[in-house]
2 protein chains.
Amino acid sequence: MVIKMNEHIGKQTVIFEKPPIIRGTSSIVGAKEGKGPLSEYFDYVLDDDKWGEETWEKAESKLQKETAQTAIKKAKLTPYDINYILAGDLLNQCIGAHYGMRDLGIPFFGLYGACSTMVESMSIGAMIVSGNCAENVVCTTSSHYCAAEKQFRLPLEYGGQRTPTSQWTVTGSGSAVISKNGVGPKITHITTGKIIDMGISDLNNMGAAMAPAAADTLCAHFKDTGLRPEDYDLILTGDLGVVGSDILVELMMGEGYDIAELHNDCGKMIFDIEKQDVHAGGSGCGCCGSVFCGYVYQKLKEKEYDNVLVMATGALMNPQIINSGETIPGIAHAIAIRA
Amino acid sequence: MVIKMNEHIGKQTVIFEKPPIIRGTSSIVGAKEGKGPLSEYFDYVLDDDKWGEETWEKAESKLQKETAQTAIKKAKLTPYDINYILAGDLLNQCIGAHYGMRDLGIPFFGLYGACSTMVESMSIGAMIVSGNCAENVVCTTSSHYCAAEKQFRLPLEYGGQRTPTSQWTVTGSGSAVISKNGVGPKITHITTGKIIDMGISDLNNMGAAMAPAAADTLCAHFKDTGLRPEDYDLILTGDLGVVGSDILVELMMGEGYDIAELHNDCGKMIFDIEKQDVHAGGSGCGCCGSVFCGYVYQKLKEKEYDNVLVMATGALMNPQIINSGETIPGIAHAIAIRA
């Protein structure tokens, strides 16, 4: 099939005529993440998760600003070359992104996709670049363990017992520069998720809440494109953790796709699950952000991976609405990347 | 100048080769807004701002769902024809959009631009459609007075005195369908704002916090395109209100642009400022959403306006970070529409 223009194929997928290029990335993580197995792949590991700032929220903003600036440098560009920043985070009203990007002087679009934001931003960024509306865009997300615990769960000082299915919000940020021209891995397809709510209401079991959305998007990707799991070297999810990953593999098996050997999850990769006491694994926008922009991007550049599907998952609730009896809507967005 | 493709011109503006079409819109507002001067232009006015739901937040979700569905119908399309929903609101983690759009089964991108979200969503939607990544997208925003007061200020029951510069969050929602084909007003340009923070920290003076961002984007639009204020019949801002509007007109005069006779503001138009006791006027995502999707769209269709610049403004803070001593970053995004 010769494709002359970008094309929205099937129901949820765009295939790019001229695939946008991921020209450079940057990742910074907190001290605990720096003690995990991917330590060497991050640009910088914090000693202190406040990073010299007065509050965790301000430290999170600094994470976004620094990864964005570093990604621009690593892409051999200047802020002046960037047409748009697309960024978001988990904090109320996305203040991580807004205060982080405030001084950069670059046109800004704020996104909220919970932990799916890294791939949401790269999906929209790829469409903007491929449609000739920009030369270069920066896509950024972050999360901060202390700020997220305080906002979504309990003050750290409370020292509450965590349930076995709970995940550990990653302190970290990832930024990717997506460009029309240059050298780097290419985004060939995007498959955008629908909101899927299967009735999970346990705030300490996000993996289970998000796994059906991941399965839905993954099936849509295979149906829309005609591709099969074995066309990828790696099918990477954002932060399903141990519990959600098992559910995803099982749901996909039920749909006739065996992904067990090809699948991994950023939330399982960033920590040593057994030794670092993170229960079901990592989570947060910064989990997929830092693992993709750190480890996975490096492996794509080294051509250790040729074809990777990156699918970030998000839980779209807030604690107040769950406390009022609602269930957790999930979402998952996928991008296919060729080295 | 013959433009062959979409083009990112100047620093912040895209000019569309084949301008995307605003094929249909819908707007619903609360009871107070229904008593204002634009009452007849809205599709529906609520009797009770809870609209049969248990909470204000759920009523806000219902506003989004209903305007999205109505806009799709008015565009003579079905949900199956829609490739993406782009939506956001003011509530923590954008639950207005997430719970509202949960049942529609349409690929979803969540946005957070505070009160700039209506134009943010239409800007991204126009780029996606013009880049052949979608046939039709739905752009939706909402706000709810009671939910916003509770979250950003004080419980309604407290009955606090409002300052003269404070604005009244609109209960309302607007949805617009942007399409590659069909009949309707066209989006010719978008000019996307940078984050601008001039040091205002008064949560009850959002107009002053956002006006510098509006001036910055408006100047960028004129510089990038070579257009002048008099090329428009109306330069519409989202919700600067009375205070912010006066500041914008003055700032623009300082830059050599006299917009006094051409400018109006959704926050001034939706209420009878004197009689409805709203102090400096309306605000909230639903202000620009309902006024644009109701009144302005109707006037464009009737060709009473030929050329309109719609510029929604947002204040990108949350109350906690302002209470910790921070100032309010503002943003403004503009789209140029030709009847």
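Predicted model: local features only at pLDDT ≥ 70, side-chain atom pairs only at ≥ 80, totals over all residues.
Me: Let's begin with chain A. How many helices and strands does chain A have?
Reply: Helices (H or I, at least four residues) and strands (E, at least two) are DSSP runs, numbered from the N terminus. Chain A has ten helices and 15 strands.

Me: And what does the radius of gyration of chain A say?
Reply: The radius is taken over C-alpha atoms, and the globule rule is 2.2 Å times the number of residues to the power 0.38. For chain A the radius of gyration is 18 Å, close to the 20 Å that the rule gives for 339 residues, so chain A is as compact as a globular protein of that length. Along its principal axes, the C-alpha trace of chain A spans about 60 × 50 × 35 Å.

Me: What share of chain A counts as buried?
Reply: A residue is buried if 20 or more other C-beta atoms lie within 10 Å of its own, exposed if 12 or fewer, and partly exposed in between, with C-beta atoms placed from the backbone. In chain A, 64% of the 339 residues count as buried.

Me: How many residues meet where the chains touch?
Reply: Two residues are in contact if their C-beta atoms, placed from the backbone, lie within 7 Å. By that rule, 52 residues of chain A are in contact with 52 residues of chain B. On chain A's side, β1 (7–9), β5 (84–89), α3 (95–101), β6 (108–110) and α4 (117–130) each supply at least two residues. The largest share, five residues, comes from α4(A).

Me: What classes of residue make up that side of chain A?
Reply: Ala, Val, Leu, Ile, Met, Phe, Trp, Tyr, Cys and Pro count as nonpolar, Asp, Glu, Lys and Arg as charged, and the others, Gly among them, as polar. The side of chain A that touches chain B divides into 25 nonpolar, 19 polar and eight charged residues.

Me: Can we zoom in? Where is B:Gly131, and what does B:Gly131 touch?
Reply: Look at the loop between α4 (117–130) and β7 (136–143) of chain B. B:Gly131 counts as buried, because there are 24 C-beta neighbours inside 10 Å. Leaving out residues up to four places away in sequence, B:Gly131 touches several residues of chain A, including A:Asn6, A:Met127 and A:Gly131, and also B:Asn6.

Me: Is A:Ile106 buried or exposed?
Reply: A:Ile106 is buried, with 23 other C-beta atoms within 10 Å. Find it in the loop between α3 and β6 of chain A. Apart from residues up to four places away in sequence, A:Ile106 touches A:Pro79, A:Ile82, A:Tyr84, A:Ile85 and B:Lys194.

Me: How do α6 and α7 of chain B pack?
Reply: Axes are lines fitted to C-alpha atoms, for helices over the stretch in contact, and angles run from 0 to 180 degrees between N-to-C directions. Helix α6 (residues 206–225) and helix α7 (residues 241–254) of chain B pack at about 35°, with axes 8 Å apart. Their contact has twelve nonpolar, three polar and no charged residues.

Me: And α4 with α9 in chain A?
Reply: The axes of α4(A) and α9(A) (residues 285–301) come within 7 Å and cross at roughly 60°. A:Thr117, A:Met118 and A:Val119 of α4(A) meet A:Cys285, A:Cys288, A:Gly289 and A:Phe292 of α9(A).

Me: Last one: what is phi of A:Lys303?
Reply: Most residues other than glycine have a negative phi. Phi of A:Lys303 is near 60°, a positive value in a residue other than glycine. A:Lys303 sits in the loop between α9 and β14 (307–315) of chain A, and counts as exposed with 9 C-beta neighbours inside 10 Å.

Key. Residues numbered from 1 in each chain as written. Chains lettered and ligands numbered in written order.
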